[in-house]
Amino acid sequence: RIKTEGVAQAEVDNARAQLKGRLVLSLESMSSRMSRLAKQEIYFGSYQTVAEAMSEIDSIDRDSVVDVCRSIFDPERFHLVTVGPEADGVAQALERI
């Protein structure tokens, strides 16, 4: 639905508020802060400050959400793996997606 109809601004605003709220709440726990630092160092090789994270969250808009959905749910990227006999209609059902 998002790929074709887009997303309402209210949904984007709510998602942004939830992400920012969860980030702020995670700062209350020392173990969460240390886990955040370790994950950033392991995955990205650098540390993103809370202000930078908040700014990045604020930069999310309706168009960027649709763009990500279109890239993730691109039918050219789908693959079907089955074990055993193919169930009737599985491939056809996936083609409708």
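Lys20 first. Lys20 has a relative accessible area of 26%, so it is partly exposed. On the terms: buried is under 20% relative accessible area, exposed is over 50%, and partly exposed lies in between, with a 1.4 Å probe and protein chains only. The side chain of Lys20 meets that of Asp58 in a salt bridge, 2.9 Å from N to O. This pair links distant parts of the chain: Lys20 sits in helix H2, Asp58 in helix H4, 38 residues apart. Asp58 is partly exposed too, because its relative accessibility is 39%. A salt bridge here means a side-chain nitrogen of Lys or Arg within 4 Å of a carboxyl oxygen of Asp or Glu.

Now the ground rules. This is a predicted model: local features need pLDDT of at least 70, side-chain atom pairs count only at pLDDT 80 or more, and totals for chains, interfaces and linings use all residues. Residues are numbered from 1 along each chain as its sequence is written, and side-chain values use heavy atoms, with hydrogens and water left out.

Back to the charges. How many salt bridges does the structure hold? Two. The other one joins Arg16 and Asp13, at 3.1 Å, N to O. These residues are three apart in helix H2, which means about one helical turn between them. Arg16 counts as buried, at 16% relative accessibility. Asp13 is partly exposed, at 36%.

Next, the overall picture. The chain has six helices and zero strands. Helices (H or I, at least four residues) and strands (E, at least two) are DSSP runs, numbered from the N terminus. The chain has 97 residues, and 12% of them count as buried. Its accessible surface is about 7,700 Å², with 57% belonging to carbon and sulfur atoms. Those areas come from the Shrake-Rupley method with a 1.4 Å probe; for residues, only the protein chains shown count as cover.

The arc is taken over directions from the helix axis to the C-beta atoms.

Now H4. Ala53, Met54 and Ile57 are buried there. Their arc around the axis is only 100°, so they sit on the same side of H4. They pack against H2 and H3.

On to H3, residues 30-44, which holds Gln40. Gln40 is buried, because its relative accessible area is 8%. Beyond four places in sequence, Gln40 touches Gly45, Ser46, Tyr47 and Gln48.

Last, aromatics. The structure holds one aromatic pair. The ring centres of Tyr43 and Phe44 are 6.5 Å apart and the planes stand at 70°, so the pair is edge-to-face. Rings of Phe, Tyr and Trp (its six-membered ring) pair if their centres lie within 6.5 Å; planes under 30 degrees apart are stacked, over 60 edge-to-face, the rest tilted. Tyr43 is exposed at 63% relative accessibility, and Phe44 is exposed at 64%.

Note on methods:
Contact means heavy atoms within 4.5 Å.
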